[in-house]
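User: I am new to this structure and would like a close look at one part of it. Please take the charged side chains that pair with one another, and go through them step by step.

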Amino acid sequence: LGGLAMKKRWQHRMEAAGKPYAKPNMIMSSACQVALEKFARYFDVECRLVPVSRESHHSLDPKLLWDFVDENTIGVFVILGTTYTGHFENVEQVANVLGEIETEHPDWSNKEIPIHVDGASGGFILPFSFTQQQLAQANMDKWGFNHPRVMSMSASSHKFGLTTPGLGWVLWRDGKLLAPE
């Protein structure tokens, strides 16, 4: 659902600028949950998977975003607790690179490419497992709505026992971020 709101907002911006809006794309690491790829397929969004590596700790490498982001990028999914290793991808580093890319392309109609934080199981663990000081030392103190680029977050409660499979939540920073049809 975070992706659908991103697509609609992007579509409205491109339409208002008189630019084509038939080829949206979204960026995520190849360590993503398959449901994110399914979203892209079902809602006609190109899924651009950034390969992970040992050097990137099998997580999204923000430096690689330069090769994937363009004016048709509706958003970037950042994962807190990747499927294979449980690593937390760094929201602030991703946001910084997005800002650099946007600065290099002042002619783009798509400004402020948003981030959706896929909290997976990490969305439940991160706030309770680390102190603010530890998060700041790891450059992870802005991982949620305390970062202005994060427009939505999800968490998967089904990963914790005795709940219905597939149960989860999506939260938006503000109801205004849900673009009208």
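What is the relative accessibility of Glu46, and does Glu46 count as buried, partly exposed or exposed? Please start there and then follow its partners.

Analyst: The model is a predicted one. Glu46 has a relative accessibility of 41% and counts as partly exposed, because that class covers values between the 20% limit for buried and the 50% limit for exposed. Its partner is Arg48: the two residues form a salt bridge whose closest N and O atoms are 3.2 Å apart. With a relative accessible area of 18%, Arg48 is buried, since buried means under 20%.

Arg48 also pairs with Asp70, and in this salt bridge the closest N and O atoms are 3.0 Å apart. Arg48 belongs to strand β2, while Asp70 sits in the loop between β2 and β3, so this pair ties together parts that are 22 residues apart in sequence. Asp70 counts as partly exposed, at 22% relative accessibility. Taken together, Glu46, Arg48 and Asp70 are linked in a network of salt bridges.

The next residue to look at is Glu71. Glu71 makes a salt bridge with Lys19, where the closest N and O atoms are 2.7 Å apart. Glu71 lies in the loop between β2 (46-50) and β3 (73-79), and Lys19 in the loop between α1 (2-16) and β1 (25-29), so the pair ties together parts that are 52 residues apart in sequence. Glu71 counts as buried at 17% relative accessibility, whereas Lys19 is partly exposed, its relative accessible area being 24%.

A separate feature is the second largest pocket, with a volume of about 270 Å³. It is lined by 14 residues, of which His57, Phe88, Glu89, Asn90 and Gln93 are the closest to its centre. By class, this lining is made up of six polar, five nonpolar and three charged residues.

Technical notes: Residues numbered from 1 in each chain as written. Predicted model: local features only at pLDDT ≥ 70, side-chain atom pairs only at ≥ 80, totals over all residues. Heavy atoms only, no water. Salt bridge = Lys/Arg side-chain N within 4 Å of Asp/Glu carboxyl O. Helix = DSSP H or I, 4+ residues; strand = E, 2+ residues; numbered from the N terminus. Buried < 20%, exposed > 50% of the residue type's maximum accessible area, 1.4 Å probe, protein only. 1 Å grid on protein atoms, 1.4 Å probe; cavity = no way out; pocket = protein on both sides within 12 Å on 5 of 7 lines; lining within 4 Å. Points joined across faces, edges and corners; volume = space filled by probe spheres on them. Nonpolar A, V, L, I, M, F, W, Y, C, P; charged D, E, K, R; others polar.
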